[in-house]
Amino acid sequence: MSRLVVVSNRLADPRKPAAGGLAVALGETLKKTGGLWFGWSGTVVKDGTPGEGELRVHQAGQVTLAEMDLCQEDHDAYYRGYANGVLWPIFHYRLDLANLESGYLSGYRRVNHLFARKLMPLLKPDDMIWIHDYHLIPLAAELRAMGCGNKIGFFLHIPLPPQQILAAIPSHEWLMRALFAYDLVGFQSEADLLNFAHYVKAEATAETVGVGQFRAFNSTVQAGAFPIGIDIDDFHRLGRARESQETYETTCREYSRRRLLIGVDRLDYSKGLPQRIRAFGELLNEYPENRHSATLLQIAAPSREDVDAYSDIQHELESLCGAINGNYGDLDWMPIRYIHRAVARRRLPGLYQACDVALVTPLRDGMNLVAKEFIAAQDAADPGVLVLSRFAGAAEQLKEALLVNPYDIPGTAQAIQRALQMPLAERQARHAALLENVRKYDVHWWCGQFLEALANVR
């Protein structure tokens, strides 16, 4: 078996419990192959030199971790500027929030070149390289230019927008051409794969030379949809642990007279949080039987608070929650419990299990694993209901959820009311089908499918 080399913006130690399902899944294969994980250390050197960074290599059991620092100028241009100031908003269909300053692109290219230059000496001839996400789209092209002939795969964890939106990026031709340096490009959904096919055919006059194979720029790339999942067995173990059980019991006790709805998100404009709060307000207005009964627990973990767009949405959210609580709340009932901080992952299964409805209503999302975690946490005998945005990648798989258009506030309120009123037999049938899908297409299936496809690319 070839050694696996994983490259991502941030490094994760797969041995640590806080590493998350992705790191654990990749960690299994890395351990089997004595693999290497390469990425940014998370350290920003204030007075460092652009295009340079100290590399530290150390062992984590059978896995080699190679972490690199970035100087302030590189971090600001590559990470904050281009990756999160240009690609993130545009890939989430928010052209109005993109900052297209030209200096950011040069920083993005410079750091990808730096990644390639530092990674190249660590590679072995038969390594299989798996590069992750929008921060590192041009990395394979940089490696190829240095003579790398290894098989290289790329997985985009966020959505890929349609051709017309992609074409708004001033450097879109260069960016998409870089994908043809990969042997395999993976997307979260069939919709993303279709957007890629439309783009390369229209903008690059690519020809289809096989199923999911496209030829342009004297290169052929294999593309496919590989929807990511969760580690369901690990999540169940987490749910049986003391802290999760305590959270479940405490929540049930404190809200014994309420129907609980939950939203768990990063505070990000892609998550549709203002629309969700407005839909809950519409529910209380149009279906008054939910007053003094339904309570929404909205967790919105802080995210990039030094960026204007994020502080704007925080203020909007606080204003909306305050208005609804002021208009409908009473001495013994607040409609919305808004929590602007992260909740420990070990407590989430118990929190999910205590809730009757989950609201997962992003305006656009690559996948959204909260939806799958909520399903996994439910008691099959008396399960809660998932209200899911049709614009989340998860909607392609989780068809038995109540699918909504988050821009349609009255329609979303109607779906929430339906969820709260759903008979037990229907809840059980929907949950059983959803759980079967979540279990079958878990994170280990995702990892195995992608690596098998990469190994088989000719």
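Predicted model: local features only at pLDDT ≥ 70, side-chain atom pairs only at ≥ 80, totals over all residues.
Biologist: Okay, helix 15. Which residues are buried there?
Modeller: Arg427, Arg430, His431, Leu434, Asn437 and Val438. Buried means under 20% relative accessible area, and exposed over 50% (1.4 Å probe, protein chains only).

Biologist: Why are they on the same side of helix 15?
Modeller: Because they cover an arc of only 125 degrees around the axis, taken from the directions from the helix axis to the C-beta atoms.

Biologist: And which residues are exposed on the other side of helix 15?
Modeller: Ala425, Ala429, Glu436 and Lys440.

Biologist: What do the buried ones pack against?
Modeller: Helix 8, helix 13, helix 14, strand 15 and strand 16. Contact means heavy atoms within 4.5 Å.

Biologist: Which residues of helix 8 and helix 15 meet?
Modeller: Ile232, Asp233 and His236 in helix 8 meet Leu435, Val438 and Arg439 in helix 15.

Biologist: New topic: how do helix 10 and helix 11 run, roughly parallel or roughly antiparallel?
Modeller: Helix 10 and helix 11 are roughly parallel, which means an angle under 35 degrees. Their axes come within 9 Å and cross at roughly 10 degrees. Those axes are lines fitted to C-alpha atoms over the stretch in contact, with angles from 0 to 180 degrees between N-to-C directions.

Technical notes:
Residues numbered from 1 in each chain as written. Heavy atoms only, no water. Helix = DSSP H or I, 4+ residues; strand = E, 2+ residues; numbered from the N terminus. Parallel < 35°, antiparallel > 145°, perpendicular 65-115°, else oblique.
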